[in-house]
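This report describes how selected elements of one structure are packed and paired. The sequence and coordinates are shown below.

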There are 2 protein chains.
Amino acid sequence: MTDPRPVGIFDSGIGGLTVLAALQRHLPGERYIYLGDTARLPYGTKSAETVVRYALRAAEFLAGHGIKMLVVACNTASAAALPVLEEAMTVPVVGVVAPGARFAAAGTSGKVGIIGTESTIASGAYLRAVHALRPEVEVVARACPLFVPLAEEGWWDHPVTHEVARLYLEPFIGDRVDTLILGCTHYPLLRGAIARAVGERVRLVDSAEAVAGEVADVLARGALAGPAAGGLRLLVTDAAARITRIAHLILPDVAVNLELVDLAD
Amino acid sequence: MTDPRPVGIFDSGIGGLTVLAALQRHLPGERYIYLGDTARLPYGTKSAETVVRYALRAAEFLAGHGIKMLVVACNTASAAALPVLEEAMTVPVVGVVAPGARFAAAGTSGKVGIIGTESTIASGAYLRAVHALRPEVEVVARACPLFVPLAEEGWWDHPVTHEVARLYLEPFIGDRVDTLILGCTHYPLLRGAIARAVGERVRLVDSAEAVAGEVADVLARGALAGPAAGGLRLLVTDAAARITRIAHLILPDVAVNLELVDLAD
């Protein structure tokens, strides 16, 4: 028994392509339909009410495309909207916060750092998710608003990015965290600069990798695995030239073909 | 004869508050109603089609508030949507591109630089506006995508901003421009860093200042000047805490009170 319906992936923009890449690597037999709400990105600087409204509309749009499960590949939307999305959808919903928190809680000896957008950090979602698993763990959180624009500028290994990483992440060194959650889908692109800033002693948790394991579990438990056909559709709500350029940066081995869709905005 | 109706000001976010500040300085007797479309900012990374759609909706919303003229205090929207807005509105519409280009063309000895968002630069609007006035002027344009996030981080006089400014603006020094148009409403906040990067020899054109003169002209010509009452309403489509914080950074002397509105999004 296989289920040929696609796995739906939703992100505020194209940072979630790092999650898609991890899913394709671990589950190459699935069909994927990715929706990036590029007309209204970023979510990370907006209020929870606005993020919930946008996320619901995107999820309903993907439901209309017959998906068998929804991956919310956006930390901000996962942090703000996951319960609402689970309530609204009839298929399983997986966010990026819980898998990342699980990886972090499993390996730490007691001090975990979290970085993300202002909205993700303000939500406290990672803090709660880590404490739900291990209440004794000390958690230090910090927003890093310049990391997304630096990643999108393509300055992944650039002196300016190294300096910004040093300034943002210095407090974590003083706090002696042993684990750092990359709580934004763009941050794996800056992994080298982040690793250099915090030092080798600190384990980096990439929620894109963590979520792939969770998706595999959900597909297995629900007898939802695909018929090994593969396939990908990339939908966006705005197709500015820079979106294509950044998508190529993130998916260098994929023939990126963005389809423009309208969410009745 | 005075006209008590408010002057409407529209921006994608709160960068346009630099234009509002210039207007209040030059025309303190007017009432102002400012609309920042913070739920969908930034416009500068999005396609012209999307920007036109958003700008039209914002303009219609302000028209519903009985404005006597519309100031499009957003370079991206001015560059992409001004003709459409002029067509749709029954009151005078002033953008930021034409006044900035006029200031630049008036003072240059032949080489003008333009910096702005990717969308503003890609539109070629400043280039056309300068050439419409002085076709012989050589124009060099460059997008500076990190300037808005750096301004919003409050790093106006920060070593990282100085380094980014040096990297972005170095080509203008080689090109020997004598005038540089700050083609984005956030950029006046980084004026010090920009001036340092290009050197004292280069005149900086701040379109916020340029647009104030144009608005005064339109009010005088149409017998639309206000009854010296003053007054300000600040409307936003998303009221995240950071929006209030940045508004305070830009308007340190104003009691910032943001009203949340819904554009039926």
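Which strand of chain A do 4 bridges join to S5(A)?

## Basis of the report

This is a predicted model, in which local features need pLDDT of at least 70 and side-chain atom pairs count only at pLDDT 80 or more, while totals for chains, interfaces and linings use all residues. Residues are numbered from 1 along each chain as its sequence is written, chains are lettered from A and ligands numbered from 1 in the order in which they are written, and side-chain values use heavy atoms, with hydrogens and water left out.

## Strand S5 and its partners

The strand in question is S7 (residues 179-182), which runs parallel to S5(A). Strands here are DSSP runs (E, at least two residues), numbered from the N terminus, as are helices (H or I, at least four); two strands pair if DSSP finds at least two bridges between them. A:Val112 has A:Thr179 as its bridge partner in S7(A).

S5(A) is also joined by 6 bridges to the parallel strand S6 (residues 138-143) of chain A, where A:Arg142 stands opposite A:Ile115. Of the 6 residues of S5(A) (residues 111-116), 5 are buried, meaning under 20% relative accessible area, against over 50% for exposed and in between for partly exposed (1.4 Å probe, protein chains only).

## Nonpolar core

The largest nonpolar core has 152 residues, and A:Phe147, A:Leu169, B:Phe147 and B:Leu169 have the most contacts inside it. Such a core is a set of buried Ala, Val, Leu, Ile, Met, Phe, Trp, Tyr and Cys residues joined through side-chain atoms within 4.5 Å. Beyond its neighbours within four places in sequence, A:Leu169 is in contact (heavy atoms within 4.5 Å) with A:Ile115, A:Cys144, A:Phe147, A:Ile194, A:Ala197 and A:Val198.
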